[in-house]
Each structure stands twice: as structure tokens, then as C-alpha cells.
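User: Hi, could you walk me through this model? I'd like to start with the charged pairs.

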Amino acid sequence: MEINDYIHQKKELQENLLQFIEDEGNINEIFKSLCKLIDSQNIKKNHEEYELLLRLLNKITKNHYRSPDFFMKIKQIINYLEPSLKQNFTNTELFDIFKRNQPILLILFTKKVLIIDNYIVDYILQTKRDMYYFYPEIKSFLDKNVIESIEQQFMEIDPNFFSTFDEKRQIGENDSYICKLIRDDLVEEFISHVNLSNLPLSSSIKSSIFETNPFLLKQETTTLIEYAAFFGSIQIFQHLLINDVQIAPIIYSYAIHGKNGEIIYLLEEEGFKPTEETSKNYFIDAVKFHHNEIADYIQTNFFNEKF
């Protein structure tokens, strides 16, 4: 196959995968087209090509904006691939592809596509976040003292911790009430909550073991307005902006993830417009998040030189 044809195939696959994840209508037809494309390219019959598809799915799941039905669509893709996964990959190979992707690992564990073994447990035990998140899956591998310590910490967080544990893992987002209000852009409830709790609008969100977004996890702190920008929550973002909440330049990266053009416009009006120096980093953010329209916008409007 000519290199240009191969590149065209990969581009077509990425575009179809993103269309399925992003589109809000005709989901069944788009999914059928995606499956047909995967089959027509014989991806599941070629180990290297299959691995490339899984790695693309891995990156999109970790970095792309998550709509309310995002993980439902990811599960739908995995359900389609499930019969051939074990045929093409060993347990270790499959785990190594997704080992930094908690939501997909949870799906694979739940469906018994991935089987917990000592190799997987050793990796999970390297970080507290993974150890807590996958506690039910690794509990049988832990000694009594470790189990008691973990469960005591869970009870200190919430006496009813385990009653909602699985549900919160399925959501894969910060489980605090204010974070849910921001994600859903419920501005009236948000205003009521911050007033009743006397919460400063300049506050940062508290950490959560249920957070699975790599961008948020690597930040030392994330303010309420940054969190609103990250999820494209325009009403709450505007409320915080009107109330003179201070913002730092990194918020533009948060807004790129939120892919709300109105928020990006407001930031630029506030003086947070990309420069020639910063635009390339923002362009990289947009590409990493698989937000191609924003990448094109940044390249077209803020690059003096074109790629």
C-alpha cells in the first residue's frame, strides 16, 4: 500500500471514531459505519494495526472532552471489539496498552476480558490512586492489615462509601457535589450552594479518588473557574468571571479541553489571547485532546508560520 493511501486510511479511521464519540444524533448509523470501516481495513486481522487502533482509543478516552454519554460509547466500541481481543492479545499485552487508563481497565475487568493476575496487581499497587480505585478487583491479593487500613480510610471519607463506590467509578469524575454542579452547568444551584456553604468563588476543587482525567490529575490545583472552563460550562464560567475571579494563563488550556467557543472568545476578550510563543503549546493541547477544529483555529489565527 502506498504511504499516502495508508495515511488516508488512518485519518479516515480517526475521523470516524471521533464522529461517533462527538455526534449526538444518528448514533446507531454512525456506529455501524465505524464498525464497517474497521472491518473493511482488516484491522482485527493484523496485530500491529489492531494495537494501533487500541492505542488511539486509549488516547481519546484519556484526553478527549467527555460528554454525558462518552463512556457509554466507549463501552459500545469495546463490546464490538471484545470477541477478538483475547484472540489477538495476551492478558499482559492488553493491560500494558491501557495500564494508565482507569475507565477502560474497569470496563475490561468487569467484562472479564482482562483477568487480574500478579503482574497487574503489582502495577496497581505502585500508586495509591490505582490501589484505591481498583480495590474491589485486587482485594483478594491483599493481606488483612492492608485491607483494614484501606477500608478505614474509605470510612473516614464517607461512612456510606461503598454504597456508591461502583457508581462513582463508572462516572469517572470528581465526585464532589460542587464539581457535579459545574459539569452540568447548573448555575442557579451553584450560586445557592456557594452562598449556603460560604465557599469563596476563588476556591480550588478538592481531590477525588474517582477523578480519571490525566490533565486534571497532573495539576497541583484546579480552581472553580478553571474546572468550569474544562467542561465548557458557560453559565457558571460567566458567573465567576462577572464576579472578578482571578484567572491564570493556564486557563486557556482548560478552555481548549472544554471546546466551548464562547468561553475561548471571552478569555481572549479578557486578554488571554495566544501569542506566537504560547500558541504552539495550545495547538499541541488541542491536538492531544483530539479537538481538531480548535487546533485549526489556533493555527490559522495565531501562527505567523504555517505547518
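Analyst: A salt bridge here is a side-chain nitrogen of Lys or Arg within 4 Å of a carboxyl oxygen of Asp or Glu. This is a predicted model: local features need pLDDT of at least 70, side-chain atom pairs count only at pLDDT 80 or more, and totals for chains, interfaces and linings use all residues. Residues are numbered from 1 along each chain as its sequence is written, and side-chain values use heavy atoms, with hydrogens and water left out.

User: OK, how many salt bridges turn up in the whole structure?

Analyst: The search finds 12. One of them joins lysine 44 to aspartate 39, with the closest N and O atoms 3.5 Å apart.

User: Which residue does lysine 111 pair with?

Analyst: Glutamate 82, with the closest N and O atoms 3.1 Å apart. That pair links distant parts of the chain: glutamate 82 is in helix 4 (residues 70-88), lysine 111 is in the loop between helix 6 (102-110) and helix 7 (118-124), and they are 29 residues apart. Helices are DSSP runs (H or I, at least four residues), as are strands (E, at least two), numbered from the N terminus.

User: And what about arginine 169 and aspartate 166?

Analyst: Their side chains meet in a salt bridge at 3.0 Å, N to O. They sit three residues apart in helix 11 (residues 165-171), so about one helical turn separates them. Arginine 169 is buried, with a relative accessible area of 5%, while aspartate 166 is partly exposed at 46%. Glu137 joins Asp166 and Arg169 in a network of salt bridges.

User: Switching to glutamate 226: where does that one lie?

Analyst: In helix 15 (residues 224-230). Glutamate 226 is buried yet has no salt bridge, and the nearest side chain of opposite charge, lysine 218, is 13 Å away. For charge, Lys and Arg count as positive and Asp and Glu as negative; His and the chain ends are not counted.

User: So what is glutamate 226 in contact with?

Analyst: Leaving aside neighbours within four places in sequence, Thr221, Ile250, Ile251 and Tyr254. Contact means heavy atoms within 4.5 Å.

User: Last one: how many helices and strands does the protein have?

Analyst: 20 helices and zero strands. Buried residues make up 49% of the 307 residues.

Methods
Buried < 20%, exposed > 50% of the residue type's maximum accessible area, 1.4 Å probe, protein only.
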